[in-house]
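Subject: Structure handover

Hello,

Here is the structure I promised to pass on. Please open it first, then read the notes below.

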Amino acid sequence: MKITYIGHACFFLEYQSGYSICLDPYSSGSVPGLADTDLVADKVMCSHSHFDHNDADSVKAPARQYTGSKPEIELIHTYHDEVQGAKRGDNDITVIDFEGSKTVHLGDIGCDITDEQLAKIKNCDVLMIPVGGFYTIDCKQAFALCGKICPKAVIPMHYSSDSFGYDEISGREEFVTLIKDSGTRKVIEAGSSYSVGADEKVLVLMEPVRKI
């Protein structure tokens with residue numbers, strides 16, 4: 001599977017079979033510094049209804065009709081905040097099982113997870129996790145959650161930098177430092193695309209492909 005980081009919390013997954021999935025496409029102009037998504041995918045998944053995660057209409061369907069096997073997709077209900085959605089509403093964790101790989105996208109999770117939820121995603125192959133805080137869990141909380149989930153590959157998302165993202169949220173630097181100091185993961189600078197392989201316990205740092 002090839003993962004392309006579009007930006008913010010949006011990823012594009014391409015499988016060997018040719019099937020493709022877009023996760024959390026953002027609306028045009030909604031994320032400072034990021035260009036429009038402009039994607040074509042077989043499936044679109046959105047973790048919640050906020051405009052920076054929910055522009056499914058901007059993702060076009062392929063001209064060809066896909067006739068192969070399709071992934072198993074499960075949504076796990078969580079919250080966008082630490083008070084059961086009272087501040088910002090609901091959030092779904094998206095779990096994708098396909099071609100021998102389990103990918104977990106945490107959306108804008110702002111709370112801890114239950115033991116039952118953990119059992120469904122523990123030891124996944126890829127974990128996409130927000131780290132910027134304010135609207136979601138922050139770097140320290142993300143690090144602790146990674147320790148519970150124990151994924152093979154961790155990809156931080158929903159953070160800011162000098163050239164993109166919201167002023168209210170932090171960068172990913174503290175999260176990266178916590179991972180490095182733990183000595184538990186190899187750090188990979190992947191650019192905008194990462195091909196999932198046999199790598200064990202890696203932190204994958206990606207850069208948005210859709211920067212303005």
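Two strands pair if DSSP finds at least two bridges between them. Helices (H or I, at least four residues) and strands (E, at least two) are DSSP runs, numbered from the N terminus. With that in hand, strand S7 (residues 101–105) pairs with strand S8 (residues 126–130) in the parallel sense, over 3 bridges. Thr 103 has Val 126 in S8 as its bridge partner.

Some ground rules. This is a predicted model, where local features need pLDDT of at least 70 and side-chain atom pairs count only at pLDDT 80 or more, while totals for chains, interfaces and linings use all residues. Residues are numbered from 1 along each chain as its sequence is written, and side-chain values use heavy atoms, with hydrogens and water left out.

The seven-stranded sheet

S7 and S8 belong to an open sheet of 7 strands, in the order S5-S6-S7-S8-S9-S12-S10, with mixed pairing. Strand S5 (72–79) and strand S10 (186–191) stand at the edges. Each has a single partner strand, so one side of each has no neighbour in the sheet. Neighbouring strands are turned by 20° against each other on average, direction ignored. Angles here run from 0 to 180 degrees between N-to-C directions; axes are lines fitted to C-alpha atoms, for helices over the stretch in contact.

S8 is worth a look. Buried means under 20% relative accessible area, exposed over 50%, and partly exposed in between (1.4 Å probe, protein chains only). In S8, 5 of the 5 residues are buried, so the strand is largely enclosed by the rest of the structure. In a regular strand the side chains alternate between the two faces of the sheet. Val 126, Met 128 and Pro 130 are buried on one side of S8, and Leu 127 and Ile 129 on the other.

Contact means heavy atoms within 4.5 Å. Helix H2 (residues 139–149) packs on this sheet, touching S8 and strand S9 (153–157), and its direction makes about 160° with that of S8. Helix H3 (residues 173–182) packs there as well, touching S8, S9, S10 and strand S12 (202–206). The direction of H3 makes about 155° with that of S12.

The axes of H2 and H3 come within 8 Å and cross at roughly 40°. H2 and H3 are therefore oblique to each other (angles under 35 degrees count as roughly parallel, over 145 as roughly antiparallel, 65 to 115 as roughly perpendicular and the rest as oblique). Cys 139, Lys 140, Ala 142, Phe 143 and Cys 146 in H2 meet Glu 174, Phe 175, Leu 178, Ile 179 and Ser 182 in H3.

Phe 175, in H3, is buried, with a relative accessible area of 0%. Leaving out residues up to four places away in sequence, its contacts include Ile 129, Val 131, Val 154 and Leu 203.

S1 and S11 run antiparallel and are joined by 3 bridges. Ile 3 has Tyr 194 in S11 as its bridge partner.

His 8 sits in the loop between strand S1 (2–7) and strand S2 (10–14). At 1% relative accessibility, His 8 counts as buried. Residues up to four places away aside, His 8 touches Tyr 26, Val 31, Leu 34, Asp 52, His 53, Met 157, His 158 and Tyr 166.

Best wishes
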